[in-house]
Amino acid sequence: MPRKKRFGHNIVSDRDGVRFATPEDVARYRAARLKCSTIADISCGVGGQTIYFASECDMVYAVEIDAKKISYAKKNCKLLGIDNVEFICGDALSPEVIRQLPELDIVFSDPARPASENMRDIGNLRPAIPEVIASYSSKSSDFAFEAPPQLTPDRIPFECEKEYLSLDGKINRLNLYFGSLIKCDTSAVALPSHARIESALDAQDLEPSEKLAYYAYEPEESVERAGLLLQLAHDLEKQAPDISLFLIDRKRLFLTSEVPVNHPMLKNKYKVLSVQDFDTANINGFLKKNGFGTVILRAAVEPKEYWDIRNRLEDNLSGDRKAHLFLKDRKAILCEII
């Protein structure tokens with residue numbers, strides 16, 4: 001089921017406009033980071049980001065080639081009493097549009113991308129990042145772009161900061177910063193907490209361990225996508241010198257240690273209760289004996305099998321504890337959130 005976006009107000013738009021509009025937490029964060037006097041919002045769409053730029057910047061120039069979208073953006077600003085946005089309908093790369101803009105502190109662009117690709121390619125964004133920078137170089141030296149968060153840092157061929165955002169524990173956005181906006185090479189941010197981690201070590205992989213310790217932690221997805229697991233583990237070593245990586249399957253992993261740790265970039269913290277063969281009857285007996293009533297199945301199983309397996313695991317359970325079950329190579333890892 002798609003996750004609902006959070007908006008602090010009603011967005012006036014058609015269905016596609018709402019679908020692609022920036023969630024409020026992301027828009028607020030990005031507007032705060034790009035706070036300046038004068039900003040251009042290229043490909044502004046229905047204005048989901050524009051209205052938050054307007055709350056942080058003295059003047060916003062919103063450019064959009066689609067007349068229908070820009071009419072919605074104007075209505076959204078009017079409904080909120082925003083009067084520091086100038087709208088320009090036209091091709092953002094055309095000289096006619098660029099001539100209408102003054103000198104800018106920052107140019108922000110949320111380029112269009114293909115509806116579907118086998119693998120996201122930064123070269124398929126329109127307008128293309130190099131074209132925007134070249135076209136607006138006379139207006140500003142500082143640029144920010146939204147890019148598909150499926151792109152890993154090694155697939156971004158620009159000298160820029162690559163900032164991955166997760167929202168409520170799920171990867172949500174990738175921001176690319178150029179010029180004086182660069183703070184580091186790669187960063188990860190967790191929203192709504194605004195926790196942040198930056199690259200400070202040479203890019204390396206964190207070697208996995210075969211041992212799962214007593215405590216297990218799920219890092220924010222933005223940390224994983226940014227390739228900053230080693231940096232996070234390094235930050236945790238003062239609390240737990242034995243901190244290590246434990247791979248569960250292609251999509252899931254833990255950081256693990258024998259002593260508890262705390263860090264704002266850990267989205268879930270668990271006690272590991274048991275590691276045993278994946279036998280639903282035996283697991284059900286263990287859960288019943290230990291007062292569990294609910295099992296959250298966190299495993300790569302076929303959707304049609306999910307509820308059959310979960311119903312067998314929860315058969316006649318009546319306790320008030322909730323177990324999380326991960327599956328690695330036919331071994332069940334039973335955990336409880338702490």
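## Basis of the model

The model is predicted: local features need pLDDT of at least 70, side-chain atom pairs count only at pLDDT 80 or more, and totals for chains, interfaces and linings use all residues. Residues are numbered from 1 along each chain as its sequence is written, and side-chain values use heavy atoms, with hydrogens and water left out.

## The sheet

An open sheet is formed by 9 strands, in the order E3-E2-E1-E4-E5-E7-E6-E8-E9, and its pairing is mixed. At the edges are E3 and strand E9 (195-198), each of which pairs on one side only. From one strand to the next the twist averages 20°. Strands (E, at least two residues) and helices (H or I, at least four) are DSSP runs, numbered from the N terminus. Two strands pair if DSSP finds at least two bridges between them. Strands of a sheet pair through backbone hydrogen bonds, either parallel or antiparallel.

E8 and E9 run antiparallel, with 4 bridges between them. They form a hairpin with 3 residues between the two strands, and histidine 194 in the turn has a positive phi of about 70°. Across this pair, serine 187 stands opposite glutamate 198 in E9.

The two faces of E9 are covered and uncovered: Ala195 and Ile197 are on the covered face, Arg196 and Glu198 on the uncovered one.

## Salt bridges

Side chains of opposite charge can pair when their charged atoms come close. A salt bridge is here a side-chain nitrogen of Lys or Arg within 4 Å of a carboxyl oxygen of Asp or Glu, and by this rule the count comes to 23. One of them joins the side chains of glutamate 146 and arginine 30, at 3.0 Å from N to O. This pair links distant parts of the chain, 116 residues apart: glutamate 146 is in strand E5 (residues 143-147) and arginine 30 in helix H2 (residues 24-33). Buried means under 20% relative accessible area, exposed over 50% and partly exposed in between (1.4 Å probe, protein chains only). Glutamate 146 has a value of 5% and is therefore buried; arginine 30, at 1%, also counts as buried.

Glutamate 146 forms a salt bridge with arginine 113 too, the closest N and O atoms being 4.0 Å apart. Arginine 113 lies in the loop between strand E4 (106-109) and helix H6 (129-135), so its pairing with glutamate 146 in E5 ties together parts that are 33 residues apart in sequence. At 27% relative accessibility, arginine 113 is partly exposed. Arg30, Asp110, Arg113, Glu146 and Arg173 are linked in a network of salt bridges. Elsewhere, glutamate 314 and arginine 310 form a salt bridge with their closest N and O atoms 3.2 Å apart. Glutamate 314 is buried at 19%, and arginine 310 is buried at 12%.

## Asparagine 84

Asparagine 84 sits in the loop between helix H4 (67-79) and strand E3 (85-89). With a relative accessible area of 14%, asparagine 84 is buried. Its side chain reaches two backbone oxygens: that of alanine 54 at 3.0 Å and that of cysteine 57 at 3.0 Å. A polar contact is a pair of N or O atoms within 3.5 Å; within protein, one must be able to donate a hydrogen and the other to accept it, and residues adjacent in sequence count only if both atoms are side-chain atoms.

Leaving aside neighbours within four places in sequence, asparagine 84 is in contact (heavy atoms within 4.5 Å) with Ala54, Cys57, Asp58, Met59 and Val60.

## Cysteines

A disulfide is a covalent bond between the sulfur atoms of two cysteines. With a cut-off of 2.5 Å between the sulfur atoms, the count of disulfides is 0. The sulfur of cysteine 89 has its closest cysteine sulfur in cysteine 44, 9.0 Å away, which is too far for a bond. Cysteine 89 is partly exposed, at 45% relative accessible area, whereas cysteine 335 is buried, at 0%.

Terms used:
Axes are lines fitted to C-alpha atoms, for helices over the stretch in contact, and angles run from 0 to 180 degrees between N-to-C directions.
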